[in-house]
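Here is a short report on one structure. Keep the 3D view open and follow along.

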2 protein chains.
Amino acid sequence: MTDTFVIVGGDAAGMSAASKAKRDDPDLEVVVFEKGQWVSYGACGLPYYVKGEIQSLEHLVSVTPEEFREERDIDLRTGHEVVAIDPDDRTVTVDHDGGETVQSYDHLLIATGAESVVPPIAGTDLEGVYTLGSMSDGKELREYVARARDGETLQQSDRGPACRYLEECTGPVGIVGGGYIGVEMAEALAANGFEVNLFQRGDRVLKGFSDATSDAVADHLREQDVAVHLGADVQELSGGDGIEGVVTDDERIDVKMVLLGTGVRPRTALAEDAGIELGATGAIETDAYRETSIPNVYAAGDCAESTHVVTGEPAYVPLALTANRHGRAVGQTVTVRPTEGGEIAGTAAVKAFDLEAARTGILDHGEAQAAGFDPVSETITAKSRAGYYPDGGTVTITLTADRETGRVLGVSLVSEFGEGAVHRSHAIVGALTEAATVFDLENYDLAYAPPFNTTWDPVLVAAKVLSGKLR
Amino acid sequence: MTDTFVIVGGDAAGMSAASKAKRDDPDLEVVVFEKGQWVSYGACGLPYYVKGEIQSLEHLVSVTPEEFREERDIDLRTGHEVVAIDPDDRTVTVDHDGGETVQSYDHLLIATGAESVVPPIAGTDLEGVYTLGSMSDGKELREYVARARDGETLQQSDRGPACRYLEECTGPVGIVGGGYIGVEMAEALAANGFEVNLFQRGDRVLKGFSDATSDAVADHLREQDVAVHLGADVQELSGGDGIEGVVTDDERIDVKMVLLGTGVRPRTALAEDAGIELGATGAIETDAYRETSIPNVYAAGDCAESTHVVTGEPAYVPLALTANRHGRAVGQTVTVRPTEGGEIAGTAAVKAFDLEAARTGILDHGEAQAAGFDPVSETITAKSRAGYYPDGGTVTITLTADRETGRVLGVSLVSEFGEGAVHRSHAIVGALTEAATVFDLENYDLAYAPPFNTTWDPVLVAAKVLSGKLR
């Protein structure tokens, strides 16, 4: 009899697993249940869709449901919600079309993803308050932007400080949260003429990055007429039917729309109800093969933990590459051979208007100390191309290493867009993953030519300066 | 008594050593003899100076002689040529101002660099035949370009095929050699309206790169109206007083100027005369600390060998970063502590009009086999940014690994300029240096965001495809 591989959730992890498993074992029956209508979509592209640089939501879909069904022979069922797992019977219960069916499995992958966190304050249910976790969120936001742009142009007297000098001003809006989504959406909304207020509870944006990166990005947001409110603890979203204002601990800002970019949490209810263990991070715990506490039940993607390559400890960093990588590994594990999907380094990249930034590894000294390291950091700013070359800007790099061993722990980089902060982070991911030291890194024979860098690439400059501090 | 550190040659290796030694031990007497007038210059920038993107030769100088003398307290003597080393007496003999003096040393660094190879054919001494190894070469070439551009515009009937459709055509020129210099100078000369003929003896340009990179660059050169003559063995440069034609084994092309870009060789005469051993590569042999066969005599930069990080064997790859790195290491060795400057990976980058390319490690299968590997290569072409993102192009990557172990041996990448082939090579330099496998590499947690790459960066795509071939 043919084995059945059942997958709950049809986005990155789920569809990567389905595709890989079916490719490696065409006889395997692969059934994917997706409660929504969209599968295999690039949620990371939503800000660019809202901005208007991508014309259709369909463009974010890498493979369509029809292609999965017809070309890849995957039994993909959209509009099907798995509501229960019975690990003893090896079945799942599925809600669809007003009824319920039971599907048995030999291997099960839980790829339920993450959901936007809505902060526990008043007013988050007001009309005009959005999140950006799903394709339908993206659709609604884009519709809002289109409506607002078609509306009347604000009178000069109605304009807030940030849009007072703009030729066109679509209205004041608020973004709560200064993480990736907050920063990317600031760009998307500003590009559409909105007066953007960004509220960040902590004292800097992009708190997973270095202080130097956060400061560079915040300064740049302000240059782009984004009002950056740091240390702004949002107490309430105020309004009548619709949103009218953001109330922080010390002021009230008028807004016509609010985007909540306050993070995500793993969707774990289904797994918990089945008795599957969660880890300390709150996401589903797995071994190196993404198998959960229940045999033959795997979890991958934004609902699951990973292991951090620097600390060796469980970590929850819900990002697209990990979902793809771990999903694919599970697809191979259930067909060909047990496959570890690899660890994570917490690597992330973001474009903020005309800047780009990346980070990887452990930068926070408290986190590094908790993992048994004695962290030392240095921040350098270096030219991104040969000084005499006509183009170019600067790259600012904060590099962190362990004092005792010199081991590279993490890095944060920021540069003008196109000046290579993001791709340069690739070198550090390699160093982290291979447990290299700054003494190794400063001797890396990195590519050099005047249009691309200085003789010592900024990454090497950072390594050289930090290594000098450790000797 | 104070020690004296004598350095022969005032470019990258020499001045890096001088600066580092003086910084680490201000009491050390540091004497640099440079036979020319220019020191510490970026020869890699010369093509951009000839092109006209850099306005003055002085812009290529990172630190001036005055700054070395006054700010760094280095006894820099330009116009001083060291003509002999006496290792027994620990002295060097120096020609200058028509006379000779003798200088004693405690530590000696030979940093005599490399010189352009002039092929052994007739006509290389004709007026209008240039090389591009030195600042004065660059000056002469730029003067030639300026004169030619000021001259009369060619009549339509005098134009060769490559410049027939250009609005402006400064005349037909020949470049002998399709390496970095040849390719960069093709861009520089074409930008000045010359009809460029590039003669390459072998069957592809940039022979240190992969076939895929060579083909992409040759195709692109042709798109830019450069006539690329492959398999063209230049027999003779013909002319009367000045150059008139390039004669290959099967044709004769009219040219008004020729640039020889046929490589460089290490300047070793001074070392050889002193009894210092050369390695199998023909460059000066050193240990890991750049010490030659004679104690207290070091050699670094374009005159010396390095050790290849993949093969562990001596290699001669004269490039700027190695010179800087090894010079600096010698400066530290003679003052603070013995310092290895690190191995090399043969990494190189080049811009060719609107393309960029990089290579690192061992790509040639014969070379890999000679080093005991069983090489396997895969070439992939992948999108450089998210498919739905408005900008972007493609990156073509040839990745080579050892069949048995999976160890990454080398890579060659090519993309549109700005699409990240060069900075992406940084990841592979890390992998090579750390002796990582493609199975490791495919799991690197590289940064991802739609403006910078696809979820699986092209580097990961290449690793995944090659790893699939090895399993």
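## A pair within one helix

In chain B, B:Lys20 and B:Asp24 sit four residues apart in helix 1 (residues 12–24), so about one helical turn separates them. This comes from a predicted model. The side chains of B:Lys20 and B:Asp24 meet in a salt bridge, with N to O at 3.3 Å.

B:Asp24 has a relative accessible area of 28%, and is partly exposed.

Now look at B:Lys51 and B:Glu187. Their side chains form a salt bridge of 2.6 Å, N to O. B:Lys51 belongs to helix 2 (residues 46–51) of chain B, and B:Glu187 to helix 5 (residues 180–190) of chain B, so the bridge ties together parts 136 residues apart in sequence. Are these two residues buried or exposed? B:Lys51 is buried, at 15% relative accessibility. B:Glu187 is buried as well, with a relative accessible area of 1%.

Another salt bridge joins B:Glu115 to B:Arg267, where the closest N and O atoms are 3.4 Å apart. This pair also links distant parts of the chain, 152 residues apart. B:Glu115 is in strand 8 (residues 114–116) of chain B. B:Arg267 is in the loop between strand 17 (264–266) and helix 7 (269–273) of chain B. B:Glu115 is partly exposed, at 30% relative accessibility. B:Arg267 is partly exposed too, with a relative accessible area of 30%.

## A network and a total

Some salt bridges join up. In chain A, a network of them links A:Lys51, A:Glu53, A:Glu187 and A:Lys351. How many salt bridges are there over all chains? The count is 35.

## A parallel sheet

Turn to the sheet in chain B. Five strands form an open sheet, and their order is 9-16-10-11-12. The pairing is parallel. Which strands stand at the edges? They are strand 9 (129–130) and strand 12 (227–230) of chain B. Each has a single partner strand, so one side of each is left without a neighbour in the sheet.

Strand 10 (residues 171–176) and strand 11 (residues 194–200) of chain B pair in the parallel sense over six bridges. Here B:Gly171 stands opposite B:Phe194 in strand 11 of chain B. Helix 5 of chain B packs on this sheet and touches strand 10, strand 11 and strand 16 (258–260) of chain B. The direction of helix 5 makes about 170° with that of strand 11 of chain B.

## Two copies, one axis

Two copies of a chain are related by a rotation about an axis and a shift along it. Chain A can be laid on chain B by a turn of 180° and a shift of 0.0 Å along the axis, with an RMSD of 0.0 Å. The two copies are therefore related as by a two-fold rotation axis. The same surface serves both copies, as 100% of the contact residues of chain A recur in chain B. Which residue of chain A comes closest to the rotation axis? That is A:Ala427, with its C-alpha at 2.2 Å.

## Where the helices meet

Helix 10 (residues 421–433) of chain A packs against helix 10 (residues 421–433) of chain B. The angle is about 10°, and the axes are 7 Å apart. The two helices are therefore roughly parallel to each other. On the chain A side, the contact is made by A:His423, A:Arg424, A:His426 and A:Ala427. On the chain B side, B:His423, B:Arg424, B:His426 and B:Ala427 make it.

Key. Residues numbered from 1 in each chain as written. Chains lettered and ligands numbered in written order. Predicted model: local features only at pLDDT ≥ 70, side-chain atom pairs only at ≥ 80, totals over all residues. Heavy atoms only, no water. Salt bridge = Lys/Arg side-chain N within 4 Å of Asp/Glu carboxyl O. Buried < 20%, exposed > 50% of the residue type's maximum accessible area, 1.4 Å probe, protein only. Least-squares fit on C-alpha atoms with pLDDT ≥ 70 in both. Contact = heavy atoms within 4.5 Å. Pairing = 2+ DSSP bridges. Axes fitted to C-alpha atoms, helices over the stretch in contact; angles between N-to-C directions. Parallel < 35°, antiparallel > 145°, perpendicular 65-115°, else oblique.
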